[in-house]
Amino acid sequence: MAKRKRLEMPVLEPNSPSLETKSAFSPKVRMPIADVAGDAAGRAALEEVAQEMTAAEAEGRVIKKLALSDIDTQHLSRDRMVLDAEDMEALKASLAARGQQTPVEVLTLGGGRYGLISGLRRIEALRALGETDVLALVRRPDGSQATYQAMVEENEIRAGLSFYERANIARAAVEQGVYGDIRSAVAGLFAHAAPAKRSKISKFVTICEGLGGALRFPTAIPEHLGLALAQALEKDGKLAGRIGKSLDKAAPEDAAGERKVLEAALKKPSAAARPDEELAPGLSWRGSKGRVVLSGPALTPEFAEALRNFAISHAKNTN
């Protein structure tokens, strides 16, 4: 009897290349619906990221690298009038050692150009170091007032301005039609300042308007001197002209010299008061608006009493 031949099937591993048919062992087999679901989830995630990036850019939260040559630093009238040499050297040393840590703020002007809102010192320091690019936040302020407010608030937080600089930017904002008057400009630009501080800024506007062209070191005027000077300018309309002539004659070479000229001008008698006039031997008269002074040895008690009675009688007849 012939021996029966036993039929044996080879044992194959699930990932064996010998398997030519799709098997339940193969992990590569995916249903079409899984591919569709995966693609949809991926697209949704990308769309969400794109929307977030668009919103962040619109809100000015995206830092961009811009060419320094594309930024117009004079797009706005700058509130900072003087770049302190010592501070600039410290800033350049910091940028050289650590790079730019804080972005500047700009707005789009169109045509690949940008207008500087804040960060003038950083831009000037980078240029001095020979850099060609700057990190910037592209803001989209709502109108000119918001743009000026952003610039002022940045400098108020980082490095306080002088009272003259604050007053000068308020005056410039009015001249450019951003605000209708000085009061509105000071209130808008320095909305977060105390009322007393806004009042002082308004006083310094008087100095800007009266002596802006004559002063060489206006940002160095201390607060107390500026307030006294503003008050004197308001009382005497001709004082600005006299101070201008004094400054031109003295030609001070530094802030201390200019301060001495201003202090001396405040000590001089007002031009509104006329010099003493001799009415008669021993009797002098000095008069100004609302005030008359008689003096001299001829002014006896009897004479003074007669003048008093005349003044009372004259006032009654006038009324």
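At what angle do helix α6 and α7 pack, and how far apart are their axes?

## α6 against α7

Helix α6 covers residues 182–189, and it packs against α7 at an angle of about 130°, with the two axes 10 Å apart. Keep in mind as you look around that this is a predicted model. As for handedness, α6 and α7 make a right-handed crossing.

Who does the touching here? On the α6 side the contact is made by I182, V186 and A187, and on the α7 side by R198, I201, S202, V205 and E209. Sorted by class, the contact of α6 with α7 has five nonpolar residues, one polar and two charged.

## α5 against α7

Helix α7, which runs over residues 195–211, also packs with helix α5, residues 163–175. Here the angle is about 75° and the axes are 8 Å apart. That makes α5 and α7 roughly perpendicular to each other, because 65 to 115 degrees is the range for that label.

From α5, the residues making the contact are F163, Y164, R166, A167, N168 and R171. From α7 they are K197, K200, I201, F204, V205, I207, C208 and E209. Split by class, the contact of α5 with α7 comes out as eight nonpolar, one polar and five charged residues. If you've been keeping track, I201, V205 and E209 of α7 turn up in this contact, and I201, V205 and E209 are also listed in the contact with α6.

## α2 against α3

Now move to an earlier stretch of the chain. Helix α2 (residues 85–98) packs with helix α3 (residues 120–128) at an angle of about 65°, and their axes are 9 Å apart. The angle range for roughly perpendicular starts at 65 degrees, so α2 and α3 get that description. As α2 passes α3, the crossing is right-handed.

Which residues make this contact? α2 brings D87, M88, L91, K92 and L95, while α3 brings R121, R122, E124, A125, L126 and A128. The class count for α2 with α3 is six nonpolar, no polar and five charged residues.

## A cavity and its lining

How many cavities of 30 Å³ or more does the structure hold? There is one, and the largest cavity has a volume of about 40 Å³. Its lining is made up of F217, A220, I221, P222, A255, E258, R259 and L262. By class, the lining of the largest cavity has six nonpolar, no polar and two charged residues.

P222, one of those lining residues, sits in the loop between α7 and α8. Setting aside neighbours within four places in sequence, P222 is in contact with F204 and R259. R259 is another of the residues lining the cavity. P222 and R259 are 37 residues apart along the chain, with their C-alpha atoms separated by 8.9 Å. F204, the other contact of P222, belongs to α7 and is part of the contact with α5.

## A stop at A240

A240 and L211 are 29 residues apart in sequence, and their C-alpha atoms are 6.2 Å apart in space.

Key: Residues are numbered from 1 along each chain as its sequence is written. This is a predicted model: local features need pLDDT of at least 70, side-chain atom pairs count only at pLDDT 80 or more; totals for chains, interfaces and linings use all residues. Side-chain values use heavy atoms; hydrogens and water are left out. Axes are lines fitted to C-alpha atoms, for helices over the stretch in contact, and angles run from 0 to 180 degrees between N-to-C directions. Helices (H or I, at least four residues) and strands (E, at least two) are DSSP runs, numbered from the N terminus. Angles under 35 degrees count as roughly parallel, over 145 as roughly antiparallel, 65 to 115 as roughly perpendicular and the rest as oblique. A crossing is left-handed if the near helix is turned anticlockwise from the far one by less than a right angle, and right-handed if clockwise. Contact means heavy atoms within 4.5 Å. Ala, Val, Leu, Ile, Met, Phe, Trp, Tyr, Cys and Pro count as nonpolar, Asp, Glu, Lys and Arg as charged, and the others, Gly among them, as polar. On a 1 Å grid over the protein atoms alone, a cavity is a set of points where a 1.4 Å probe fits but cannot get out, and a pocket is an open set with protein on both sides within 12 Å along at least five of seven lines; lining residues have an atom within 4 Å of a point. Grid points are joined across faces, edges and corners, and a volume is the space filled by probe spheres set on the points.
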